[in-house]
Amino acid sequence: MSNKTTISGPAERPVLRVFLVEDSLDVRELMVENLSMIPGVVVAGVSESESDALSQLNDLSCDVLIVDIQLKKGNGISLLRQIAEVDRVSRTLKIICSNNASEVFRRAGQQYGVRHFFDKTSEFPQLFALLKDLSNARAYTL
């Protein structure tokens, strides 16, 4: 028996589970709305703070973790540092999407396993294109 989550339908496909850590309600709603329009993508959870995200990530699994740097409580870099040692989460694709697009934050993210960094003021389309490509690639791995 497989433990892969799938979307039922004419052509079942594995689900790409995304966890979003974003403190701005408007940005979070925009991102969730756009993510829900990508076939095969499911928002597994959302959080606006570092501690809440840690708690939720202990209880669920996700394939993609999207993190903002500045949060209501805590910050995304600290969150990434804390989860860097957790084996289950270490296999998760980590993405930073933030207004703080400096090279310092990019390097800090890479140190904790971030593979992609998007400036949320101008690179939302690239983020959603990446997630669409990842979802499509999963559909062909059955």
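Biologist: What percentage of the 142 residues of the chain count as buried?

Modeller: This is a predicted model, in which local features need pLDDT of at least 70 and side-chain atom pairs count only at pLDDT 80 or more, while totals for chains, interfaces and linings use all residues. Residues are numbered from 1 along each chain as its sequence is written, and side-chain values use heavy atoms, with hydrogens and water left out. With buried meaning under 20% relative accessible area, exposed over 50% and partly exposed in between (1.4 Å probe, protein chains only), the buried share of the 142 residues is 44%.

Biologist: How many helices and strands are there in the chain?

Modeller: Helices (H or I, at least four residues) and strands (E, at least two) are DSSP runs, numbered from the N terminus. Read along the sequence, they follow the pattern β-β-β-α-β-α-β-α-α-β-α-β-α, and the chain has six helices and seven strands.

Biologist: In what order do the five strands of the open sheet stand?

Modeller: Two strands pair if DSSP finds at least two bridges between them. The pairing in this open sheet is parallel, and the order of its five strands is E4-E3-E5-E6-E7.

Biologist: Why is one side of E4 and of E7 left without a neighbour in the sheet?

Modeller: Strand E4 (41-47) and E7 stand at the edges of the sheet. One side of each is left without a neighbour because each has a single partner strand.

Biologist: Which strands does helix H1 touch as it packs on the sheet?

Modeller: Contact means heavy atoms within 4.5 Å, and angles run from 0 to 180 degrees between N-to-C directions, along lines fitted to C-alpha atoms, for helices over the stretch in contact. The direction of H1 (residues 25-36) makes about 160° with that of E4. The strands that H1 touches are E3 (16-21), E4, E5 (64-67) and E6.

Biologist: Within what arc do the buried residues of H1 fall?

Modeller: In H1, the residues Val 27, Arg 28, Met 31 and Leu 35 are buried, whereas the face turned away from that buried side carries the exposed residues Asp 26 and Ser 36. The arc is taken from the directions that lead from the helix axis to the C-beta atoms. The buried residues line one face of the helix, because, seen down the axis of H1, they fall within an arc of 100°.

Biologist: Which residue of E7 is the bridge partner of Ser 98?

Modeller: Strands E6 (residues 93-98) and E7 (residues 114-119) run parallel and are joined by five bridges. Lys 94 has Val 114 as its bridge partner in E7, and the partner of Ser 98 in E7 is Asp 119.
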